[in-house]
Amino acid sequence: MTLLFGRLPIGWLQLTHSRGRFFAAVAGVAFANLLVFMQLGIMGALNSSTEAPYAMLNADIILSSKDGNTLTDGGHIPRTRMFQALGVAGVTEGTPLFIGNLPFTLDDGSSVSLLSFGMDVTKPHFAGQAIAPLLENLNIESTVLLDEGTRGMPALVIDDLMEGGRFSFETGGNTLTAVGTMDVGGGFLADGMMIMSDQTFLRAFPNRTSGAPNHILIHIADGVAVDTVVARLTEAIPSSNLRIQSLQASANSDLVYMSTERPTGIIFGFGVFMGVLVGLVIVYQVLSTDVAEHLREYATFKAMGYGQPFFLGIVFEQAIILAVFGFIPGFFVSLGLYAGMVSFTGLPVEMDVNRAILVFFGTLAACSLSGAIATRRLANADPADLF
Amino acid sequence: MTDAPITTRGLDHYFGLGDARKQAIFDINLDIARGSLTVLMGPSGSGKTTLLTLIGCLREVKDGHVQVLNNDLNGASEAVLVDLRRRLGFIFQAHNLHESLTATQNVLMGLQVHGSGNAVKQRKAAHHILDLLGLADRRNYLPGNLSGGQKQRVAVARALVSNPEIILADEPTAALDKESGHTVVQMLKSLGKIRGTTTVMVTHDPRILEMADRIITLEDGRIVMDKLQ
């Protein structure tokens, strides 16, 4: 380490001189890391469960009701919009998409809600890659595909379905039969998801009509820019209640809505902020105490001719040591807690590399900031007081 | 001014501001010869420590002039002061060793202020001076495990290891027994003879007074006696 700094690693020696305090400081940073990781993990789960249903779809443009907030939380639009859209240059095909929530009572008496998607199963090219090949199974009336991760569903049922079995259940007076599974995972939106044909959907939701779907999915011709067609559609369909956007833009605006307008998003954002604050305070406390305790030594070094950069170097060296040593346990404990959360809640809480890198550099930045504040105390080291 | 390593002309120094402003030293004029061992004496509050810190570039010189190694300290920039301090060696009354560093590492701090340099050479130099001061078997001890006298000798080693041109010491032998106090002063004297190192020391230790080249007595901030031996 002497080689690394071109001097003795005083920051390191100072920190590790009192083991107990060093351990407490590292634990503090690790704890702050843990807080941030947990909040980001849940926020990530929220985001991925917002995006999850989009994986079931395959379209270039989506027409939605303007009063809707997200894909799964919105009003209806008239199906005639689809025919209007088909008249626009560049549009090749369209299909209505129905979305609704079905309650389902489990054997143990508890109730789960199943977010149900109804679409024309003869047009599998409007479905996501993983689901498209399965859609032909849904030609038979009252059959559905059930999400593997459906909360509360006995594992036995899912296992059986995956091995080609069937599972019939009653909901709202109708009997539906699951003939297969799909892997969507939408923990925050509902307990589970189902996909079915539009005919089955209309049977399961007697108060819905075929003339009023939730969305209309549009495919456009090759070689035409999505934005161009969106602009044409906007011009061709002068409806004040219609939102026309690319599927990607719709997913993005759902994310923005969920993370900025829904209380959940704000709560987790606030949680991250609190975690960072806790870390800042802990590191500042440790570093400034350390500076205060070594004022005499620093004054001696000043008298010997060491300049300000030397002292700043010590404090930042300590800040970085705390950041690195705190991050490592924080990261691994977070991995453990993520796994625990997945098994308890079924939420898609996963560690991704970008988040780990982000938190690591955030930790470095926060520790350096604390260090920078702590260095103000260095001014108190006055060599004239030594005599 | 002369080419003496330390020169003062009309040096005054005040503490405090406004009504509380109090003059600590009055019109000090001194030329301290190269290679000499000068002792500053006087009762407490006589201004000897203030004078020492002014010469040591640790306090700002405001009235009058102090010239150290051909640099006028009045109005000198912080960079010049930091640079000058590296050419001085301080021995404090309290040892002021860094508790987290071993004896050798503390001594190395006195060398690394001049740049990282050759680590092996530096370590050798640090060991050599510790050996000279009778600390060969204490090289890797932390200050917490050394006696008061041993700590003070480490502090002396730290001040001397980089061959400073001027050594400023405040009661350096207070914590030392007769023998090691004698060793330290003898070392300073021979450094003066061989290398021309100039030493200014605040002390009341009669054993040292005998060995000093010059004894300056201060009272109430003024020089009342200046005796060459």
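Q: Is Cys57(B) buried or exposed?
A: In this predicted model, Cys57(B) has 28 other C-beta atoms within 10 Å. A residue counts as buried at 20 or more. Cys57(B) is therefore buried.

Q: Where is Cys57(B) found, and what is its phi?
A: Cys57(B) sits in the loop between helix H1 (48–55) and strand E4 (63–68) of chain B. Its phi is positive, in a residue other than glycine. The value is near 65 degrees.

Q: Is Asn70(B) buried or exposed?
A: Asn70(B) lies in the loop between E4 and strand E5 (71–72) of chain B. Its phi is near 70 degrees, a positive value in a residue other than glycine. Around Asn70(B) there are 11 other C-beta atoms within 10 Å. The cut-off for exposed is 12 or fewer, so Asn70(B) is exposed.

Q: Which residues of H8(A) are buried, and why are they on the same side?
A: The buried residues are Ser250(A), Ala251(A), Asp254(A) and Met258(A). They share a side of H8(A) because they cover an arc of only 100 degrees around the axis. An α-helix has 3.6 residues a turn, so residues three or four places apart point the same way. The arc asked about is 100 degrees, for Ser250(A), Ala251(A), Asp254(A) and Met258(A).

Q: Which residues are exposed on the other side of H8(A)?
A: H8 spans residues 247–260 of chain A. Its other side carries two exposed residues, Gln248(A) and Thr260(A).

Q: What do the buried residues of H8(A) pack against?
A: Their partners are helices and strands of chain A. They are H3 (19–51), E1 (61–65), E9 (242–246) and H9 (263–293).

Technical notes:
Residues are numbered from 1 along each chain as its sequence is written. Chains are lettered from A and ligands numbered from 1 in the order in which they are written. This is a predicted model: local features need pLDDT of at least 70, side-chain atom pairs count only at pLDDT 80 or more; totals for chains, interfaces and linings use all residues. Helices (H or I, at least four residues) and strands (E, at least two) are DSSP runs, numbered from the N terminus. The expected span of a helix is 1.5 Å times one less than its number of residues. The arc is that of the directions from the helix axis to the C-beta atoms. Two residues are in contact if their C-beta atoms, placed from the backbone, lie within 7 Å.
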